[in-house]
Amino acid sequence: MTQPLDLTDIQADVIRASAHGGYLFARYVFFNIRDGEKGRAFVAAVAAEVTNAVIWEQGAATPPTVINIAFSYQGLKELGLPRASLNGFPDEFVMGMKARRAILGDNGPSHPDNWDPIWQANRVTRDKDVHIQVSINGKTPQDVEVRTQWLLALAGKPESGVFLLTGHRGPNGQQNLLYQDVHALFENGVPTPKEHFGYTDGISDPVFEGQPGEPWSAQGRGKQMADGSWAPLATGEFLLGHVDEAHEYPPAPQPQLLARNGTFMVYRKLHENVHAFDTLLEREAQTYPGGKELLAAKFVGRWRDNGAPLVSAPDAAAKAEWDQRFATATPQEQDRMLNGFTYDQDMSGSRCPFAAHMRRINPRASLQLKAGALPGQFVGNPGAFDTPGALANRRRIARRGLPYGDSTDRSSDRGNHGIVIMMLNADINRQFEFVQQQWINYGNDFRAANDKEILLGNHDKEFPSKAVLPVDPESEDVPYFVRNIPRLVETRGGEYFFIPSLTALRLIARGLVDPT
């Protein structure tokens with residue numbers, strides 16, 4: 001166990017997703033720095049209002065809004081960080097998301113040329129590069145609006161040294177909105193944890209050492225130990241300056257005060273093609289033996305209505321029994337039912353397919369078993385690692401963000417609806433980029449050749465994708481093939497950011513970062 005975290009030094013969203021704290025509305029505002037010295041004064045003014053993670057302690061008062069700030073590499077450069085410190089940042093952060101598009105599979109409709117105008121910076125003048133991201137999470141739209149006006153007034157002062165970047169897409173073909181609005185989806189006036197495809201989201205975010213919360217919250221969301229129990233992941237998988245699962249400190253810039261308690265954020269705006277999704281689901285449901293909702297569950301690994309995992313509820317009858325138990329269970333037992341499972345009893349993929357979103361994003365310990373003598377059979381390799389899921393534990397990503405737009409009109413994919421996802425990790429290349437490249441857009445680790453993950457895969461019209469839904473090897477059933485999968489999610493923008501600690505934020509604002 002690492003030492004308790006200094007929550008006063010860590011930005012709030014790093015420790016917990018604001019949406020889980022009742023902040024169901026958010027706005028992301030972006031700036032370009034025109035004058036480094038004046039820009040530092042702007043950062044200092046924002047830093048004085050940044051929310052720290054103490055709000056997540058039990059019994060702590062929660063403010064109407066949560067404000068956090070992050071910087072691109074070019075932003076840190078414009079703010080005057082010393083060259084020795086800048087040289088310590090990893091290559092992928094320095095290059096930025098656009099330059100990593102081949103690794104991420106951002107091609108075709110997801111190519112940067114098709115991103116929102118705000119991400120189309122002038123490569124010569126650089127006067128529209130995204131340097132600063134400020135997130136405003138609020139309990140009501142009015143709370144968000146009040147804080148937005150404060151921020152815009154601050155940026156609008158002649159001495160601010162920053163320029164508000166516009167160019168977010170909106171409804172009805174709008175291209176130049178001032179900021180990116182996101183919000184929870186509502187049904188009959190009641191907020192839901194859904195996204196536009198209809199799945200319950202945000203169920204299994206990782207738990208790491210030092211986070212406030214119940215001890216049992218690590219079940220299924222932390223790491224499984226050799227005795228079958230669950231423990232939080234090492235803090236260093238998500239926060240710089242702390243030991244990670246390899247018992248090492250993740251690579252970080254100098255000085256230590258610049259890096260410690262900070263993290264890297266992957267910001268991605270993802271457009272959801274709801275019409276293509278509905279069409280695919282309806283088409284395949286006509287021939288899939290289990291029906292439409294089981295097929296939808298196969299796409300993700302969870303049932304759409306309440307997130308019941310397929311490994312525990314593999315068919316409609318088992319789902320009905322699961323629902324009955326879930327309805328009367330305690331919060332701790334409900335959490336265990338949603339998260340406390342492995343794929344040990346589903347190594348054939350007959351319950352949760354290898355192409356399912358949940359299994360690709362976090363395969364747990366299922367990749368650390370070797371193929372057996374019979375088709376579909378796997379034999380354990382005990383003792384190879386300290387913990388059963390050691391390989392997957394090094395690829396975990398904390399997820400933040402909310403849906404955007406309205407998808408009530410599902411007659412085409414041209415609307416403005418999707419999700420802004422902000423992924424936190426200590427090593428962008430080892431965590432986010434590996435998962436995106438090797439597990440989402442390539443299936444070799446899952447014995448699935450080049451079959452992609454169903455929802456997020458960069459499916460290509462020229463070379464149509466397929467997904468195999470396996471069946472129990474001992475049954476007489478045959479696998480089901482989902483063919484001609486269209487691209488269901490398109491990238492509409494994004495960047496790599498650094499979220500500093502409160503200590504580092506003050507050093508940056510005062511120009512006092514000293515790597516010597």
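Start by selecting Ala252, which in this predicted model sits in the loop that runs between β9 (230–231) and α8 (256–259). With a relative accessible area of 25%, Ala252 is partly exposed, and, once residues up to four places away in sequence are set aside, it touches Gly88, Leu240 and Ala259.

Next, move to Ser217, which belongs to the loop between β7 (190–192) and β8 (223–224). Ser217 counts as buried because its relative accessibility is 13%, where the cut-off for buried is under 20%. Leaving out its neighbours within four places in sequence, display Val207 and Asp335, with which Ser217 is in contact.

Now select helix α7, residues 141–156, whose 16 residues reach 22 Å from the first C-alpha to the last, close to the 22 Å expected at 1.5 Å a residue. Colour Val144, Arg147, Thr148, Leu151, Leu152, Leu154 and Ala155, the buried residues of α7; they lie on the same side of the helix, because the arc they cover around the axis is only 155 degrees. The elements that cover these buried residues include β1, α2, β2, β3 (132–138) and β4 (162–164). Turning to the face of α7 that points away from its buried side, you will find the exposed residues Gln142, Val146 and Gly156.

For a helix whose span falls short, select α15, residues 429–440: it has 12 residues, yet its end C-alpha atoms are only 14 Å apart, whereas a straight helix would reach 16 Å at 1.5 Å a residue. Among the buried residues of α15 are Arg430, Phe432, Val435 and Ile440.

Continue to helix α16, residues 502–510, where Leu502, Ala504, Leu505, Leu507, Ile508 and Ala509 are buried. Showing α2 (36–47), β2 (65–71), α3 (73–78) and α8 brings up the elements against which the buried residues of α16 pack.

The aromatic side chains make up the next stop, with 25 aromatic pairs found in a search of the whole structure. Select Phe25 and Phe186, whose ring centres are 5.8 Å apart and whose planes stand at 25 degrees, so that the pair is stacked. This pair links distant parts of the chain, since Phe25 is in strand β1 (residues 25–33) and Phe186 in strand β6 (residues 185–187), 161 residues apart. Phe25 counts as buried at 17% relative accessibility, whereas Phe186, at 38%, counts as partly exposed.

Then select Phe434 and Trp439, where the ring centres are 5.4 Å apart and the planes at 85 degrees, so this pair is edge-to-face. Phe434 is partly exposed at 21% relative accessibility, while Trp439 is buried at 3%. Elsewhere, a selection of Tyr28, Phe30, Trp119, Tyr267 and Phe497 shows a cluster linked by ring pairs.

Select Arg360 together with Phe446, and the charged end of Arg360 is seen over the ring of Phe446, 4.8 Å from its centre; then select Arg364 with Phe341, where Arg364 lies over the face of the ring at 3.9 Å from the ring centre.

Definitions and conventions:
Residues are numbered from 1 along each chain as its sequence is written. This is a predicted model: local features need pLDDT of at least 70, side-chain atom pairs count only at pLDDT 80 or more; totals for chains, interfaces and linings use all residues. Side-chain values use heavy atoms; hydrogens and water are left out. Helices (H or I, at least four residues) and strands (E, at least two) are DSSP runs, numbered from the N terminus. Buried means under 20% relative accessible area, exposed over 50%, partly exposed in between (1.4 Å probe, protein chains only). Contact means heavy atoms within 4.5 Å. The expected span of a helix is 1.5 Å times one less than its number of residues. Rings of Phe, Tyr and Trp (its six-membered ring) pair if their centres lie within 6.5 Å; planes under 30 degrees apart count as stacked, over 60 as edge-to-face and the rest as tilted. A charge sits over a ring if NZ of Lys or CZ of Arg is within 6 Å of the ring centre and within 35 degrees of the ring normal. The arc is that of the directions from the helix axis to the C-beta atoms.
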